[in-house]
Amino acid sequence: MANLKTTFAGLELRNPIVAASCGLSSTLDGVVKLEQAGVGAVVLKSLFEENIVREIQHLSSVDDHTEAADYLQGYMRAQRVDDYIRFIGNCKSKCSIPIIASICCHSRGEWMAYARAIEKAGADGLELNVMGLCARREYNNGDYEKLHCDIVREVKNLINIPIIVKLGANITNPVALTERLKAYGASAVVCFNRPFQTDIDVDTMRYVSGKVTSNPSDLSNPLRWVGLISASVKGISFALSGGVHTYNGPIKAILAGANAVEVCSVLYEQGDGWVAKALENLEQWMDRQGFESVEEFCGRMNASDSDAAEQLERVQFLKFFSAK
Ligand SMILES: Cc1cc2nc3c(=O)[nH]c(=O)nc-3n(C[C@H](O)[C@H](O)[C@H](O)COP(=O)(O)O)c2cc1C
């Protein structure tokens, strides 16, 4: 009988399917439901650096410089953090699976102080989603990657729980960055975050939100990078995030080298009943293939296999189309 247990970022998970950070993991009821649905761990909805700042600015817009506004700013900051800390504590008291807190940030700032409180509240790990577009002309190549390293180094000095870095797909070299993040103390990387999708309404000629949830074809990019990074960088865990919609999606992610598979859109679109079906599919596939543990096939198709490397490293279609 297949054993679905896996180790991710030093955490023992009953299975590799993890609920990604999103609205479904923003309430205690939601988190409890995800545990009941069978996930191996939950990443809580992120605490956003911007949200806190925006809320403070809105409430203190009358006069930014009064004593009252200063008090209000301090109070608001504490409130939001307190809510999140309480939320972590409540999740820990109701659930037995690992609870991973999450912070979306874009700078080295005061949010770092929250990391210690998050650890104290009982979070089993902290996922850092360092978001940035780096679209300014003054930008120097490598600044964004350096920001990731600086953040991990500083947060690592504050906490002992595993630090998981959720990467954007717009970093220069995920292999090199993962190697550096490991050296600074990260326990895992997640490939990749899904940024806000921009679209244009041609009737109103206004920018609008594109499709919020992912598509099955989005799996290709994280599959490639997990396959490439996991072959090169040892001693760190990997989670794949993005485009896992089919029951075979988690199997593909693990074959490429993922120790865990973070899912979100499919839970919105198909409901959390998807988790049990995907786990059943994984178990049956492992039995058919003769695998007793997840570890046995994790990374079997990463770039250390020469056939796989050829596919993973292919960026142009020439050979493919000339054979058609
Ligand atoms: C509605 C929604 C809310 C999300 N909120 C967050 C968030 O707060 N923090 C975060 O790191 N990622 C967030 N994400 C990104 C997901 O965690 C995930 O990385 C992304 O959707 C790709 O996975 P998927 O293809 O399984 O959806 C959100 C995604 C969606 C659709």
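Mentor: Helix axes here are lines fitted to C-alpha atoms over the stretch in contact, and the angle between two of them is taken between their N-to-C directions, from 0 to 180 degrees. The model is predicted. The part to look at is the pair α8 and α10, whose axes come within 9 Å and cross at roughly 55°. Angles under 35 degrees count as roughly parallel and 65 to 115 as roughly perpendicular, with oblique kept for the rest; α8 and α10 are therefore oblique to each other. On the α8 side the contact is made by P250, I251, I254 and L255, and on the α10 side by W274, N281, L282 and W285.

Take α10 by itself. The helix runs over residues 273–289, which is 17 residues. From its first C-alpha to its last it reaches 25 Å, close to the 24 Å expected at 1.5 Å a residue. Its buried residues are W274, V275, A278, L279, N281, L282, W285 and M286. Viewed down the axis of α10, these buried residues fall within an arc of 160°, so they line one face of the helix.

The buried residues of α10 pack against several elements besides α8 (249–256). These include the strands β3 (17–19) and β13 (260–263), and the helices α1 (28–37), α9 (265–270) and α11 (294–297). Just after α10 comes G290, which takes a positive phi of about 80°.

Now the partner. α8 is mostly covered, with seven of its eight residues buried. Those are G249, P250, I251, A253, I254, L255 and A256. They pack against β3, α7, β12 (237–241), β13, α10 and α11. α8 is followed by G257, whose phi is positive, near 130°.

Helix α7 (residues 220–232) packs with α8 at an angle of about 30°, the axes being 8 Å apart. α7 and α8 are therefore roughly parallel to each other. From α7 the residues in this contact are L223, V226, G227 and S230, and they meet K252, A253 and A256 in α8.

Helix α5 (residues 143–158) and helix α6 (residues 174–184) pack at an angle of about 20°, with axes 9 Å apart. That makes α5 roughly parallel to α6, and their crossing is right-handed. The α5 residues in the contact are E145, K146, H148, C149, V152, R153 and K156, while α6 supplies L177, R180, L181 and Y184.

V152, found in helix α5, can be followed beyond that pair. V152 has 1% relative accessibility and therefore counts as buried, the limit being under 20%. Leaving out residues up to four places away in sequence, V152 touches I163, V165, L181, Y184, G185 and A186. V152 and A186 are 34 residues apart in sequence, yet their C-alpha atoms are 6.7 Å apart in space.

For the chain as background, the secondary structure comes to 13 helices and 13 strands. Of its 324 residues, 47% count as buried. Among contacts with a separation of 6 or more, residues 24 or more positions apart account for 70%.

A9, in the loop between β1 (6–8) and β2 (11–13), has phi near 55°, a positive value in a residue other than glycine. M205, in the loop between β10 and β11 (206–209), also has a positive phi, near 50°. A9 counts as buried at 5% relative accessibility, whereas M205 counts as exposed at 71%. The peptide bond from C191 to F192 is cis, with omega near -5°; F192 lies in the loop between β9 (188–191) and β10 (198–201).

How values were computed:
Residues numbered from 1 in each chain as written. Predicted model: local features only at pLDDT ≥ 70, side-chain atom pairs only at ≥ 80, totals over all residues. Heavy atoms only, no water. Helix = DSSP H or I, 4+ residues; strand = E, 2+ residues; numbered from the N terminus. Expected span 1.5 Å × (residues − 1). Buried < 20%, exposed > 50% of the residue type's maximum accessible area, 1.4 Å probe, protein only. Arc of directions from axis to C-beta. Contact = heavy atoms within 4.5 Å. Parallel < 35°, antiparallel > 145°, perpendicular 65-115°, else oblique. Left-handed = near helix turned anticlockwise from the far one by under 90°.
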